[in-house]
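I opened the notebook to record what I looked up in this structure. The entries follow in the order I made them.

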Amino acid sequence: MCCRRKRPQTPLMTIRKVRKWEKLPGKNTFCCDGRVMMARQKGVFYLTLFLIIGTCALFFAFECPYLAVHLSAAIPVFAAALFLFVMAMLLRTSFSDPGVLPRALPEEATFIEMEIEAANGNVPSGQRPPPRIRNVEINNQIVKLKYCYTCKIFRPPRASHCSICDNCVDRFDHHCPWVGNCVGKRNYRYFYLFTLSLSLLTIYIFTFDIVHVVMRSVDDGFLSTLKETPGTVLEVLVCFFTLWSVVGLTGFHTYLISLNQTTNEDIKGSWSGKNRVQNPYSHKNILKNCCEVLCGPTYPSVLDRRGLMREDSPVSASSAAPSSSSSSSFSFSNHSKAAPPTTKTRAPLIPNEHTPDDADPGAAGPTEHDGDRPPSSFVPPLASPETDAEASVAKDANH
């Protein structure tokens, strides 16, 4: 038998449909089949939930029963409504898309690079290339669009790249670890309503904690009241230290909304720097600015997180081999049962080569090896059975 190389097996590919959120770049986590979108760092967000739920639970357990009987039954009802609104705004801010911009496709990135090279021309060696910016006019004022080297796009006005989530966010305000997400174009109003309602809830609980202690101190004394209500003391401490930060944060964002400005622009001094450039997004009216930020339209997400896309995935040989071998053995057994045994009579396929049935079962054939050249111990077989008969006749004639 002659040595024959094994043909390389092409890997099997299967096409399956996956959701787009499974293949999105960036440092985000998704839940509920892409409906919930958050940052990967969620430890501080869990702390926020613990502080809000824990403080309100203590208030409902210690103060509300006493105040509902001795003061008014509306106190726990209003506190419950305010608590539910705070939780709704927190989850809406944390679980939503803040306005993440999709990255450029390879074809789009190549086209943008060609445009930049054509605009900049040939840069001499040793010199820095010019910055990748584009100028657009907004309300009779020139605004620069910066190029993002990670997303391969020119960012829209007021957009910025978040280093924590590794995404470009439209109208980027800041990344808030307390809500576990970026704050941008699509969830800023919910973030502001969360801080505003949380400030009201903190003031509400703190006020009625003091009222509860004062009313019970009239009958039992101040020290005995503190001993009997340890939960009230803990609530007062938490609310006292939380009140200043939450109320201050709400006041700061109220100031930014009145100017139609973001935290990122305020920190960088975009509209109050040396050039004294005016804010092109401000309407020069506090009421109009507040209406635009808080009452403007809700923008849809441009990510299409739950859309379907095709993915080619290779099938491992170990999983495909058993099925193929079992199918081949099954077909071979069926073929052997169906076909009757016949005698091999056809001639060799190639000169100087025997068919498998003509080979001598006692002689050892060549082993499989690398390369086309046979090993040194290999002796080529005779041409055909006729040449064997002629050689034997000639030998008898000589004798």
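Entry one, the overall make-up. I counted the secondary structure of the protein chain and got 10 helices and 11 strands. The model is a predicted one, and I kept that in mind for the later entries.

Entry two, confidence. I looked up the mean pLDDT of the protein chain, which is 78, with 71% of its residues at 70 or more. Residues 322–399 have pLDDT below 50, and I found 25 contacts in the model for this stretch beyond near neighbours in sequence. Where pLDDT is low, the predicted coordinates should not be read in detail.

How do the axes of helix 1 and helix 4 cross? I looked at helix 1 (residues 43–70) and helix 4 (residues 188–220), and their axes come within 10 Å and cross at roughly 40 degrees. Helix 1 is therefore oblique to helix 4. I noted the crossing of the two helices as left-handed.

On helix 1 I listed several, including Ile 52, Phe 59 and Tyr 66. On helix 4 the contact residues include Leu 201, Phe 208 and Met 215. Sorted by class, the contact of helix 1 with helix 4 has 14 nonpolar, four polar and three charged residues.

Terms used
Residues are numbered from 1 along each chain as its sequence is written. This is a predicted model: local features need pLDDT of at least 70, side-chain atom pairs count only at pLDDT 80 or more; totals for chains, interfaces and linings use all residues. Side-chain values use heavy atoms; hydrogens and water are left out. Axes are lines fitted to C-alpha atoms, for helices over the stretch in contact, and angles run from 0 to 180 degrees between N-to-C directions. Helices (H or I, at least four residues) and strands (E, at least two) are DSSP runs, numbered from the N terminus. Angles under 35 degrees count as roughly parallel, over 145 as roughly antiparallel, 65 to 115 as roughly perpendicular and the rest as oblique. A crossing is left-handed if the near helix is turned anticlockwise from the far one by less than a right angle, and right-handed if clockwise. Contact means heavy atoms within 4.5 Å. Ala, Val, Leu, Ile, Met, Phe, Trp, Tyr, Cys and Pro count as nonpolar, Asp, Glu, Lys and Arg as charged, and the others, Gly among them, as polar. pLDDT is the predictor's confidence in each residue, from 0 to 100.
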